[in-house]
Amino acid sequence: MAFLPSINWTAKHIPSVQELAREPLDAVPKSYVCKVADNLVADRCNPSLQVPLVNMASPVNEGESREEELQKLYLACRHGGSFQIMSNGDYEATEHRAVVNESKTAMALRSSSKAAKQTSSVQELARKLLDVAPQNYIRDVADNPVSDCCNPSLKVPLVNMANLVNGGEAQEEELHKLSSACRDWGAFQLINHTVSDELVEEMKKQTRKFYDLPLQEKMRYARTEGGLEGYGQPFENNRNPQWSDMMFLHALPVQDRNLSFWPENPQGFQETIDSYTKQMRKLAVSLLGFMSMATGLKAYKFSEVCEDGILHLRMNYYPPYPQPDQVIGCSPHTDITSISLLLELDDIPGLQIQKDGNWATVKPVPGAVDVIIGHVTEIMSNGIYKAAEHRAVVNESKVRISIICFCYPEENATVEPVQDIVKPDCPARYKSISQPEYFRSYLDEKLESKQQFIDTLKVHGPHGFSQNCT
Ligand SMILES: O=C(O)CCC(=O)C(=O)O
Ligand SMILES: [Fe+2]
């Protein structure tokens with residue numbers, strides 16, 4: 001397919017040394033041949049030197065041999081052990097290497113204690129449960145998601161897309177509702193949207209099947225060090241890791257895809273993701289158009305920049321946790337998108353929106369898409385619309401899965417307040433920045449505590465940020 005990354009297997013990059021060694025080779029590729037000065041046989045080996053042997057049973061069991069074994073362990077560590085830094089140099093890190101046998105294969109599994117800190121799957125961790133999650137997942141009482149929850153009378157607004165599309169009087173009324181939702185909440189639930197039920201159901205079904213695969217299969221798509229895409233845990237910038245796994249893909253524009261991260265299993269998932277993300281971008285464009293209209297703008301200013309926009313897909317998996325108030329599925333944050341379109345797989349609430357100091361739980365509505373306004377729309381509306389702070393809590397006994405399309409302007413767009421909103425008595429409250437620069441500065445920005453990325457883009461000129469333009 002056109003978007004497969006091109007891999008150039010030169011002599012330097014051999015896909016498998018195991019395979020290479022199977023070939024009847026006269027000589028290995030040149031790049032594998034060591035210099036004479038590094039020759040392993042020439043500086044080989046003092047046969048009288050014996051690596052120390054330590055018997056684990058002795059230091060574990062109390063008793064006479066314990067002291068003796070500990071002494072052996074101490075000497076072994078001093079001369080060729082690890083923990084050089086933690087022991088302040090008392091123990092030494094060992095230089096080591098492995099040589100090759102002339103006729104036999106050798107295998108070794110390396111385990112590094114780094115892996116223990118960061119799990120490769122919270123889903124697996126939750127399966128082994130465990131009366132309590134590892135300590136680093138447990139939150140301070142002050143951040144407790146249940147104790148600071150929730151005002152049940154707060155209800156996230158519902159917007160009916162059919163009324164927006166059909167025009168007439170019903171449209172006027174619905175635009176009014178949409179405007180209030182965007183100004184007062186920065187979020188709403190959208191019913192009668194344009195994405196087909198079959199496609200939505202297929203996307204849900206395949207996502208569930210993907211998470212039901214064995215870990216080993218999911219790990220084929222694992223995020224690589226320093227990368228963004230693939231299967232792994234949420235990017236951490238918080239004190240506690242989040243009780244969730246995720247799959248993150250660059251889905252649109254099509255040329256941004258790296259299909260090596262797109263699951264081939266379950267069968268047909270790639271095609272479903274392709275259709276789903278294209279349909280969701282269409283919905284985003286149409287909805288952003290109505291959101292422009294709802295500010296009183298004649299043209300579809302917010303949507304124009306998204307017609308060929310960027311779309312990132314994230315599928316979140318939140319395992320249950322018996323004390324859901326002790327962990328967090330997704331920490332409070334605002335999205336940096338134009339809008340985020342979120343699908344909940346089952347009737348299991350988890351998403352919460354911050355409203356006037358309270359958290360409001362979004363109750364899943366069959367067939368609805370949850371819409372969350374992000375920083376780009378806040379900027380383009382010059383602050384009339386607000387990016388919603390939101391988070392996800394975990395259910396005590398049931399798995400929760402959500403699928404989110406993060407929709408952004410296209411690559412060559414400029415993120416700035418739209419001209420028709422900026423007026424002499426309502427100057428621009430945000431800086432103008434190109435879309436690529438916007439992403440770059442988001443990833444680079446070192447934010448102070450409580451500061452959000454959008455704060456770095458606010459204009460604090462003579463007119464100040466306090467101007468009220470609404
Ligand atoms: O899963 C959810 O309900 C929210 C997830 C979310 O906000 C995100 O992934 O940005
Ligand atoms: Fe979010």
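Pro253 sits in the loop between β4 and α10 (269–294). Strand and helix labels follow DSSP runs, numbered from the N terminus: helices are H or I with at least four residues, strands are E with at least two. This is a predicted model, in which local features need pLDDT of at least 70 and side-chain atom pairs need 80 or more, while totals for chains, interfaces and linings use all residues. Residues are numbered from 1 along each chain as its sequence is written, chains are lettered from A and ligands numbered from 1 in the order written, and side-chain values use heavy atoms, with hydrogens and water left out.

**Backbone details**

The bond between Leu252 and Pro253 is cis, with omega about 0°. Another cis peptide bond runs from Asn265 to Pro266, with omega near 5°. Pro266 also belongs to the loop between β4 and α10. Asn192 has a positive phi, near 55°, although Asn192 is not a glycine. This residue lies in the loop between β2 (187–191) and α8 (197–212).

Strands count as paired if DSSP finds at least two bridges between them. One open sheet holds eight strands in the order β1-β2-β10-β7-β12-β5-β4-β3, and its pairing is mixed. β1 (158–160) and β3 (230–232) are the edge strands; each has a single partner, so one side of each lacks a neighbour in the sheet. Ignoring direction, neighbouring strands of this sheet are turned by 25° on average. Gly232 has Met246 of β4 as its bridge partner.

**The four-stranded sheet**

A second open sheet has the order β6-β11-β8-β9, with antiparallel pairing. Here β6 and β9 (358–361) stand at the edges; each has a single partner strand, so one side of each is left open in the sheet. The average twist from one strand to the next is 25°. Strand β8 (351–355) pairs with β11 over three bridges, again antiparallel. Leu351 faces Ala392 in β11 across this pair.

**The iron ion**

Which residues hold the iron ion (ligand 2)? Its protein donors are His333 (NE2), Asp335 (OD) and His390 (NE2), at 2.1 to 2.3 Å. Donors are N, O and S atoms within 2.8 Å of the metal (3.2 Å for Na, K and Ca); water is not among the atoms, so sites may look incomplete. Along the chain the iron donors follow the spacing H-x1-D-x54-H. Asp335 is in the loop between β6 and β7 (339–344) and His390 is in strand β11, so this pair ties together parts 55 residues apart in sequence.

**Ligand 1**

The shell of ligand 1 has 14 residues, and the closest are Tyr318, His333, His390, Arg400 and Ser402. A residue is near a molecule if one of its heavy atoms lies within 4 Å of it. By class, the shell has seven nonpolar, four polar and three charged residues. Ala, Val, Leu, Ile, Met, Phe, Trp, Tyr, Cys and Pro count as nonpolar, Asp, Glu, Lys and Arg as charged, and the others, including Gly, as polar. β12 gives the largest share of the shell, four residues.

Polar contacts (N or O pairs within 3.5 Å) reach oxygen atoms of ligand 1 from these side chains:

| Residue | Distance to a ligand 1 oxygen |
|---|---|
| Tyr318 | 2.7 Å |
| His333 | 3.1 Å |
| Asp335 | 3.4 Å |

Alone, ligand 1 exposes 300 Å², and the protein buries 98% of that (Shrake-Rupley areas, 1.4 Å probe). Two or more shell residues come from each of β5 (310–318), β6 (330–333), β11 (390–392) and β12 (400–408).

Terms used: A polar contact is a pair of N or O atoms within 3.5 Å; within protein, one must be able to donate a hydrogen and the other to accept it, and residues adjacent in sequence count only if both atoms are side-chain atoms. Axes are lines fitted to C-alpha atoms, for helices over the stretch in contact, and angles run from 0 to 180 degrees between N-to-C directions.
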